[in-house]
Amino acid sequence: MPSRPRWSVLNVSFLVGTLVLAAILVPLKVAVQGVHWTEVALCAGMVFAIGTAISAGYHRLFSHRAFHASWPVRFLLLCFGAASFENSALKWASDHRLHHQHVDTEKDPYTIQKGFWYAHWVWVMEEKESGLVGVADLQKDPLVMWQHRHHFLIGAVVACIPLYIGLLTGHFWAYLVMGLSLRIVLTHHTTFLINSAAHMFGSRPYTDANTARDNWVLAPLTYGEGYHNFHHMWQWDYRNGVKWYQWDSTKWVLNLLSWMGLVTKLRRVSTASMRRARLQMEEKRLRERLITASPAVATPLQERLAAARLRVDAALVSLQEKREAWEALKAEWKAKGHTKAEQWRQAKAEWKAAMALHRQEFQAAWEEWRAARLEVRSALVYA
Ligand SMILES: [Zn+2]
Ligand SMILES: [Zn+2]
């Protein structure tokens, strides 16, 4: 029989207490005073700053090493992240690395297999013996260790920014309710949605090996973390919403910081790898749907689909290899200072001609794939 969980008095009191307090104070304040736009702006600003510190700092930088950051950026991410009151960056990263390593199993600290509410916040309320695992790299960072020792105090100082402004402008009580009480609850539950909703609702375009989902509704609510299927596939990529139209405010902030030279070495998966993964999933789903058709219809179509997909796959791989080889050659030539030489122009012309041939092959493979897909879909209509 599974043992009954022991509850963490501190965590239960804090999580439930802040929620109950906000549920009473916010409607009371609105009924008595109404709401001024500055209160909404202050609350939204704090939610955005602290949520982005969690997403860019705790998550993409410290848990996944998706980019390098200068110390002032690391310092600010650690200070604002502490104000989320979601433990230190070190403990957060330890739990999160375990989540990726053991996703959907008993060893996953917030496994969705135990239900929506467990993954959302019950796991935080349980008293656990688990120490720090797999964060030796972070334990060498003095800034991370400083934040680990003092995260509650640092968090309190940052979280009270609305109160300092309130004292100066004579809006202390209004800012206490909107800028602190409501803000803490919003920060908690937007982050928690990634562990719960993003493992339950949405699509799985890149992999179905785990429960992580892409969900465009969650993305604006979670500072861009809603594309969780992509994230579980390439956790080291600094982006979650990888396409230009996908909401990923953390990625946009990091792009801006990169442009300013404050963050470097942003890691990205290649477009070819993404297309290959999507294609593989699409083929898998079509083959599964073909099971409903008779073997005489299904078998040749499944074979055709597999062959067409493999041809596109091979074309994408060779295009990618050609591009990477060219980038390496370019870097080599640049280092030698030979970029304007005649030999260089000749190499470039040869590369362009080879690329044209590879693109032709890719186009032909893609047409074959589209034709195979169309045939399968038509067969499924009449199956
Ligand atoms: Zn996850
Ligand atoms: Zn992650």
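Guide: Where two helices meet

The axes of helix α7 (residues 161-169) and helix α8 (residues 172-195) come within 8 Å of each other and cross at roughly 160°, where axes are lines fitted to C-alpha atoms, for helices over the stretch in contact, and angles run from 0 to 180 degrees between N-to-C directions. Because angles over 145 degrees count as roughly antiparallel, α7 is roughly antiparallel to α8. Helices here are DSSP runs of H or I with at least four residues, numbered from the N terminus. This is a predicted model, in which local features need pLDDT of at least 70, side-chain atom pairs count only at pLDDT 80 or more, and totals for chains, interfaces and linings use all residues. Residues are numbered from 1 along each chain as its sequence is written, while chains are lettered from A and ligands numbered from 1 in the order in which they are written.

The crossing of α7 past α8 is right-handed, meaning that the near helix is turned clockwise from the far one by less than a right angle. On the α7 side, Pro162, Leu163, Ile165, Gly166 and Leu167 meet Phe172, Ala174, Tyr175, Leu176, Gly179 and Leu180 of α8, two residues being in contact if their C-beta atoms, placed from the backbone, lie within 7 Å. Sorted by class, this contact of α7 with α8 has nine nonpolar, two polar and no charged residues, with Ala, Val, Leu, Ile, Met, Phe, Trp, Tyr, Cys and Pro counted as nonpolar, Asp, Glu, Lys and Arg as charged, and the others, Gly among them, as polar.

Elsewhere, Tyr223 lies in the loop between α9 (218-221) and α10 (228-233), and its phi is near 60°, a positive value in a residue other than glycine.

Conventions
Parallel < 35°, antiparallel > 145°, perpendicular 65-115°, else oblique.
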